[in-house]
Amino acid sequence: MPAERTLRSCLDVRWGLTGALVAPHHGGMNSGTWFVEHAGVRRVAKTVSPRAGGSFAAGLAVAELLERTGVAAGAPVPTVDGQLTAEVEGRPLALLAWVPGVPLTGTDQAEQRLIGRMLARVHDALRSASVPAADRFHWLEPAADHLGVRNWVRPAVIAAVRAYEALKPERLSWGLLHSDPAPEAFRLDRSTGRCGVIDWSVALVGPLLYDVASAVMYVGGPDRARALVEAYLAGGLLGRAELDHGLATMLRLRWAIQADYFARRLVEDDRTGVAGPVDNERGLEDARRALLALR
């Protein structure tokens with residue numbers, strides 16, 4: 001990650017924020033983040049790995065589109081020459097609008113209903129939008145070397161992909177996705193009642209049900225996510241028949257993607273956002289248990 005001195009210099013030159021105050025945050029698994037204060041305005045600086053630069057820029061474009069619809073999304077602040085990112089020590093850097101509020105936890109029904117409503121609102125707002133550089137779901141490669149990290153990973157991923165393909169995904173409802181709608185991506189400003197949705201790191205077109213399954217996964221599974229699911233369905237983006245038909249299979253695929261993610265991190269010894277390899281091992285083990293239960 002770039003040193004704060006280097007970061008301040010980049011903010012000065014590329015964004016014109018001379019004398020900005022910078023404080024580390026680093027709350028994510030895949031990025032470095034800093035709080036930036038300048039002229040009484042708070043923003044967030046965010047950088048990702050060089051190989052993620054293209055996806056990152058596309059995700060920023062989605063946040064920009066969403067912000068125009070009235071949803072606070074942490075949209076990028078353009079550089080002085082109108083770019084969404086700058087380069088610092090070989091990494092893409094973005095300066096994002098601060099979204100006020102506190103992150104949700106998804107631990108009670110009121111929060112779950114808010115997550116479900118906001119996810120439906122996001123999908124609706126982005127339904128007719130397009131981003132030229134958007135990726136298309138999904139990215140799992142069953143032959144990838146890193147899936148050999150444990151004997152069970154590759155067979156589990158292959159089985160989940162086959163189950164997904166049997167759904168005939170082309171018949172599902174598709175659109176631009178958040179791709180990782182964890183509760184903490186939803187920020188509630190209790191003083192205004194407004195809820196923002198942050199962490200737009202990619203532009204991904206895929207089944208809306210994938211985002212729903214991801215949200216369900218994060219709050220503990222279908223039995224604990226009924227309030228979230230009902231609130232989402234009330235938005236009218238998906239019918240109950242489509243959800244009942246595909247949720248379990250999409251949840252299985254979501255856990256397979258989780259297994260793929262932590263398998264890669266273990267092979268590459270990627271410790272971004274964690275204390276050490278034991279946290280990546282824990283993430284992989286959580287995926288194993290979940291996939292075992294969903295077979």
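1. Asp199 is partly exposed, with a relative accessible area of 39%; by definition, buried means under 20% relative accessible area, exposed means over 50%, and partly exposed lies in between, with a 1.4 Å probe and protein chains only. Asp199 sits in the loop between β10 (194-197) and β11. Its phi is positive, about 70°, although Asp199 is not a glycine.

2. A word on the source. This is a predicted model, in which local features need pLDDT of at least 70 and side-chain atom pairs count only at pLDDT 80 or more, while totals for chains, interfaces and linings use all residues. Residues are numbered from 1 along each chain as its sequence is written, and side-chain values use heavy atoms, with hydrogens and water left out.

3. Lys168 also deserves a check of its backbone. Lys168 has a positive phi of about 60° and is not a glycine. Its place is the loop between α4 and β8, and Lys168 is partly exposed, at a relative accessible area of 39%. Helices (H or I, at least four residues) and strands (E, at least two) are DSSP runs, numbered from the N terminus.

4. The peptide bond from Phe137 to His138 is cis, with omega near 5°. His138 belongs to the loop between β7 and α4 (153-166).

5. The open sheet is built from three strands in the order β7-β11-β8, and its pairing is mixed. β7 (135-136) and β8 (174-177) stand at the edges with a single partner strand each, so one side of each has no neighbour in the sheet. Two strands count as paired if DSSP finds at least two bridges between them.

6. Within this sheet, β7 and β11 (residues 204-207) run parallel and are joined by two bridges. Arg136 stands opposite Val205 in β11.

7. Val22 is found in strand β1 (residues 21-24). Is Val22 buried or exposed? Val22 is buried, with a relative accessible area of 12%. Leaving aside residues up to four places away in sequence, Val22 touches Glu4, Leu7, Arg8, Leu11, Trp34, Phe35 and Val36; contact means heavy atoms within 4.5 Å. For one of these residues, Phe35, there is also a C-alpha to C-alpha distance: Val22 and Phe35 are 5.7 Å apart in space and 13 residues apart in sequence.
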